Amino acid sequence: MSTEQEAIKAKADKGPFEAVVYGHKHIRERFYRLGLEFAGAGAKAFAKAKAGQFAQIELSTAALPAAEKIPEDLADAAGRKILLRRPFSFCDVSTEKEKTRVDILYRAVGPATLRMTTLAKGDSVSVIGPLGNGFSIPADKKTALLVVGGMGAGPLLHLAKVLTADYPDIEVTAFAGAKTKAELPFEKPLDEISQQVGFSLAEFARHSIESLVATDDGSTGYEGFVTDCFSKWLGQNSISAKDTIIYSCGPEEMLARMAKIAEERGIDCQVSMERMMACGIGVCQSCAVECKIEGSSETIYKLCCEDGPVFNCGELVFSS
Amino acid sequence: MEEQIDISVDFAGLKLANPVFVASGTCGYADELADFMDINSLGGFITKSITVKPRKGNPTPRIVETDSGMLNAIGLANIGLDSFVQEKLPIISKLAVPVFVNVAGETIDDYVAVVQRLAGEGRIAGFELNISCPNVAKSREGRLTAGGLSFGTEPAQAAEITSAVKKAAGEKVLMVKLSPCVTDISVIARAAVEAGADALSMVNTFTAMVVDTEKRKPALANRTGGLSGPAIKPIAVYLVNKVYNEVAKERGIPILGLGGIRTASDAIEFIIAGASAVAVGTASFIEPGCAVKIVEGIKKYCAGHNITNIKELIGCLG
């Protein structure tokens, strides 16, 4: 290196780190929970991971499941040689004895997540992260409402834990929806879920958070979109808009409906967006998210990886 | 042994400590990759494309993964010349390695404007002329100027733009980045070199399409994108060798080889085929420090093959 020039300094150590699988649970259907453990620099970096941040995981070296275990609808995709890392948010982060454990809730939907299912205890994977901006918790809020659509459960479970542990004065209620009962990414038997708010989802109940479940087809809980269920609940409960914040993660059409509800009621709302990403570190410009420019009808593209994935929903332009 | 190996190369009058660049569009403006590697340990750096005005880029999806590759249709999203000068040039000026600024536009005037503004900047070693971006299409006066792609596919236009930019570039090195989407790449290479190109970089991505069979629509919002990654490497190696033999060698014009390089042996293939230097592109997305590892790997290859000077390898294909 030249002595005349000052080097461009690194801002943070983001890896790639080696993580070791400490546990891997098949929840049911195609839902899994992968437990990764970091030591050394990786443990330090991920100990500071915020709810809503994500990591890029290298899965190209993981093995495919045996042919008979590959679901028929994924058989064609399964043979594809994957190239890019895949982004995942965290459903839990914990640190003990200089090791950091990061749990990831995922669903096998393509060639990379299919490979991910074969990771076993003791296997190691290469991880870059933590990346992006997580959820922020404004000081003046007294109520937090978590609204989950399908696989959006991950980062909101992490946030639920953080809110309960570090913000005891904030009252939290969770709403979780999916198309059908089978697509709810939760562990407990979901047959007897009532249409009332209660401790029906163990994942939230363990943080003393009550929840309400909705399915589009009514196979359990409220029949209809989780956004409709949430709207109805808002109508029945007198909450102070100013003291409340909504956190949401799920499919984009759902987030668009959440944005509308939040705007109509004047409630602050942060949503976690999803985009196809190549790098996850602000270089490739793939993960553009259309945003409003204040005082202008023009829009700009921000990057989901660097400016997000969490955005204040008021700044987003939803295409749907 | 490895200490005695000389892997420096001469590249159009520039002395590079090693032959490894990071490719335009895969390394931003240098600060993004600083968390992952020491860019000063590379041979050189190439910025993301700069256009006169800022560009928003294309709607999403902008990328889709393919077998051993990916398509991208970013649409030359960039901060524009003014912001580049104010915000990024000071960062790039801290680099100790030669820096090339990748220049794009829709008209010759666009390209010339960017190069004229930057030609006086001492810390810029040269320009990489992007006449081969497949992802921006705009009809102007009845003529399709595809983000420069027509400059890269018609020899007369390639010559015209190279010549105009060369004048604006002054003493700076002018490298022209070639599109592989042509009938005979040597025709375009020759046109660019005869019009004043000091170096060639090749190849840019291959125009390609992925169809979503559920929606029966293209997977990308832009419909088509540029294919990159290991999938294109053998074609890129072939094209480098072709241009080396038919155009570059006799004229002493160096080639920057790129297309799917992710290991040192990939890089060595390009060098043996005729490239004086190589650029790592898509692989940096997966392994941001990949280019530095390739520098080390090249040294190891030389040590293992009794090569004391990498120049022996350039174009040595038997």
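Trainee: What makes residues 252-265 of chain A helix H7?

Mentor: Helices are DSSP runs (H or I, at least four residues), numbered from the N terminus, as are strands (E, at least two). H7(A) has 14 residues, so the run qualifies under that definition. This is a predicted model, where local features need pLDDT of at least 70, side-chain atom pairs count only at pLDDT 80 or more, and totals for chains, interfaces and linings use all residues. Residues are numbered from 1 along each chain as its sequence is written, while chains are lettered from A and ligands numbered from 1 in the order in which they are written.

Trainee: How do you know that the reach of H7(A) is close to the expected one?

Mentor: The expected span is 1.5 Å times one less than the number of residues. For H7(A) that is 20 Å, and the helix reaches 20 Å from its first C-alpha to its last.

Trainee: Which residues of H7(A) are called buried, and why?

Mentor: They are Met254(A), Leu255(A), Arg257(A), Met258(A), Ala259(A) and Ala262(A).

Trainee: Why are E10 and E11 of chain A called paired?

Mentor: Pairing needs at least two bridges found by DSSP. Here 2 bridges join E10(A) to E11(A), which run parallel, so they pair by that definition.

Trainee: Where does Tyr222(A) stand?

Mentor: Tyr222(A), in E11(A), is opposite Ala214(A).

Definitions and conventions. Buried ≥ 20, exposed ≤ 12 C-beta atoms within 10 Å, placed from the backbone.
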